[in-house]
Amino acid sequence: MARSGGATGAGARGPQAEERAGSGGLFRRIVIGVPFLWLVLLFLVPFLIVFKISLSQVAVAMPPYIPTFGDPSTWWSALQQFSLDNYAWIAGDQLYLDAYILSLVIAATSTLLTLLIAYPLAYGMAKAPSAWRTTLLMLVILPFWTSFLIRVYAWIAILKPEGLFNQLLLFLGLIDQPLVILNTPVAIFIGIVYSYLPFMTLPIYASLERMDHSLIEAAADLGSPPLKAFWKITFPLSLPGVVAGCFLVFIPAAGEFVIPDLLGGSRTLMIGKTVWLEFFTNRDWPVASAVAVVLVAILVVPIAILQRQQEREG
Amino acid sequence: MGWRLTKFNLVSLIFGFTFLYLPITLLVVYSFNESRLVTVWAGFSTVWYRELWHNRGLIDAAWVTLRLALISASVATVLGTMAAIALSRYTRFRGRTLMTGMIYAPLVMPEVITGLSLLLFFVAINLDRGFLTVTLAHISTSMCFVAVVVQSRLRSLDRSLEDAAMDLGATPTATLFHVTLPLIWPAVIAGWMLAFTLSLDDLVIASFTTGPGSTTLPMKIYSQVRLGVTPEINAVCTILIAIVSVGVVAATLINRRRMVRQARDERLAAEG
């Protein structure tokens with residue numbers, strides 16, 4: 001590719017400028033090719049392998065599955081060995097179905113709870129004097145940078161039967177028996193809301209901050225009460241942020257492992273933990289893979305919606 | 001927006017930030033507790049920090065984690081920045097949609113799935129699990145975060161500077177190195193920091209992809225947390241929080257000064 005002409009005068013953006021930026025020859029090929037190949041090799045191919053293994057049989061060996069293809073000459077016979085046994089196994093066992101449903105219910109509930117806390121917070125931030133806003137923004141982002149594991153761990157000491165929350169309630173005389181919160185779904189909700197709050201707050205804040213304030217003033221001038229103006233103008237305009245935030249919380253929460261494991265106890269079996277147990281404890285790689293494939297199949301729609309929206313935003 | 005705060009706004013701000021900071025604050029406070037019982041306050045003490053120095057396993061894990069985070073963040077920053085440039089500057093190439101998908105999907109993909117798939121990949125290509133595999137795994141996930149951070153900066157960038165450079169005869173490559181990269185530098189640094197903390201933080205993907213001898217600090221913390229809350233773990237967590245907080249606050253301040261300076265330069269240029 002040769003570099004196309006020098007000066008094209010003012011306003012040379014759009015397709016023309018793109019064409020020129022696009023003509024970097026070898027360099028361009030490296031910039032596109034290296035990350036592309038990396039992602040294909042370490043994201044796409046591994047995922048296809050999971051899919052492949054989910055179709056193979058379990059074996060007592062290392063690795064604990066019968067490889068379904070080795071060299072190309074055996075591919076056809078390998079293809080015939082593919083079986084849907086693992087999927088049938090998952091479908092036939094109530095345990096997996098329950099885990100999927102529980103994961104989706106817990107993810108949806110905690111997404112809603114996160115929204116209820118994040119929206120007023122983002123709204124307050126967007127309305128704060130501009131001098132405060134950078135600081136407030138940093139305060140929301142800062143916990144996001146500190147370890148996820150640490151933030152979940154912090155809640156154990158608070159929620160334990162003899163923990164700080166119960167001590168406070170007992171001290172205030174609100175209860176006379178410690179509440180059991182740790183190892184219940186309530187603890188999972190708290191954990192998810194707490195850990196994912198920044199993911200919800202930031203997109204909502206971004207869409208509120210961009211809003212044209214004169215719209216609210218116009219509504220007020222025309223006699224609209226503030227609450228009505230909020231519902232008719234502010235909320236609809238912040239919807240892209242709300243939608244993005246909800247997906248950013250829902251998708252990872254549905255496959256969450258650390259929070260249900262540390263806060264939810266052994267009785268609340270979510271799907272992320274099921275994959276973990278199948279893999280590490282039962283060493284049944286094909287079933288673990290099949291459970292993972294089904295989870296991705298469930299999440300692929302929300303992921304696609306989120307991605308489309310992110311692209312439109314840009 | 002920007003407006004007068006109502007009582008409701010103030011309450012939701014106070015509630016929101018209390019909720020965000022109280023648990024971490026309590027964790028830090030109780031790391032200085034003299035008692036082994038983490039929920040009973042028995043006086044100020046740094047005994048648990050001194051105890052840490054004698055915990056060989058924890059220190060080894062910390063070194064592994066630090067090395068892992070430094071290497072994976074650096075490689076991920078290079079790859080992620082390249083991906084961001086590819087997506088926002090070279091807008092027309094085959095496989096662009098696929099690449100966008102491969103950048104965005106890992107961001108929300110449940111970690112157990114990413115971990116599982118990478119492990120099965122390493123087994124399939126016969127690569128022994130260890131420091132190398134966990135590094136490769138961290139690079140692959142972090143580079144997507146870097147790409148998104150850098151890409152958002154590239155989008156908001158005034159393209160006329162790049163156009164001007166090319167109009168004046170700079171090659172696209174020269175433009176990239178002398179105009180675009182210096183302008184997106186803060187985002188590249190932010191991306192590196194994000195990749196660094198993600199790697200420092202990761203438990204799930206590391207558990208799947210690492211091998212014996214390369215146990216990371218989060219894995220160590222996790223295995224102890226499962227046995228219960230201990231003041232040593234509070235102390236380790238406090239140290240990690242301190243490192244990250246200092247880093248983030250410093251980066252924000254530097255970034256703000258830089259932006260102020262840049263705004264001033266632009267104003268001068270416009271007046272000049």
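Predicted model: local features only at pLDDT ≥ 70, side-chain atom pairs only at ≥ 80, totals over all residues.
For chain A, the unreviewed UniProt entry lists residues 30-55, 99-123, 135-159, 179-208, 229-254 and 285-306 under "transmembrane region".

Of the 314 residues in chain A, 43% are buried. Among the contacts of chain A with a separation of 6 or more, 69% are between residues 24 or more positions apart.

Chain B is built from 11 helices and zero strands, and from the N terminus on its elements run α-α-α-α-α-α-α-α-α-α-α. Its C-alpha atoms fill a box of roughly 70 × 60 × 35 Å when taken along the principal axes. Buried residues account for 46% of the 272 residues in chain B, and residues 24 or more positions apart supply 78% of the chain B contacts with a separation of 6 or more. Under "transmembrane region", the unreviewed UniProt entry lists residues 12-32, 68-90, 102-125, 131-150, 176-198 and 233-254 of chain B. Within this set, residues 68-90 of chain B are 91% helix and 0% strand, with end C-alpha atoms 31 Å apart, whereas residues 102-125 of chain B are 88% helix and 0% strand, with end C-alpha atoms 21 Å apart.

The two chains meet through 95 residues of chain A, which are in contact with 80 residues of chain B. On the side of chain A that touches chain B, helix α2 (residues 26-54) gives the most, with 18 residues. By class, this side of chain A comprises 65 nonpolar, 19 polar and 11 charged residues.

One helix pair that spans the two chains can be described in detail. Helix α6 (residues 130-145) of chain A packs against helix α11 (residues 231-271) of chain B at an angle of about 145°, with the two axes 10 Å apart, and the crossing of α6(A) and α11(B) is right-handed. From α6(A), the residues Thr134(A), Met138(A), Leu142(A) and Trp145(A) meet Val244(B), Ser245(B), Val248(B), Thr252(B) and Arg256(B) in α11(B). This contact of α6(A) with α11(B) has five nonpolar, three polar and one charged residues.

Thr197(B) is placed in helix α8 (residues 172-201) of chain B. With 24 other C-beta atoms within 10 Å, Thr197(B) is buried, because the threshold for a buried residue is 20 or more. Although Thr197(B) and Pro212(B) are 15 residues apart along the chain, their C-alpha atoms are separated by 23 Å.

Backbone geometry in two loops of chain A also deserves mention. Most residues other than glycine have a negative phi. Asn183(A), in contrast, has a positive phi near 70°, and is found in the loop that joins α8 (164-172) and α9 (185-209) of chain A. Because 19 C-beta neighbours lie inside 10 Å, Asn183(A) counts as partly exposed. Arg283(A), which is not a glycine, also has a positive phi, of about 55°, and its position is in the loop between α13 (271-281) and α14 (285-313) of chain A. With 15 C-beta neighbours inside 10 Å, Arg283(A) counts as partly exposed.

Terms used
Residues numbered from 1 in each chain as written. Chains lettered and ligands numbered in written order. Buried ≥ 20, exposed ≤ 12 C-beta atoms within 10 Å, placed from the backbone. Contact = placed C-beta atoms within 7 Å. Helix = DSSP H or I, 4+ residues; strand = E, 2+ residues; numbered from the N terminus. Nonpolar A, V, L, I, M, F, W, Y, C, P; charged D, E, K, R; others polar. UniProt positions renumbered as here; feature names shortened; annotations may be inferred. Axes fitted to C-alpha atoms, helices over the stretch in contact; angles between N-to-C directions. Left-handed = near helix turned anticlockwise from the far one by under 90°.
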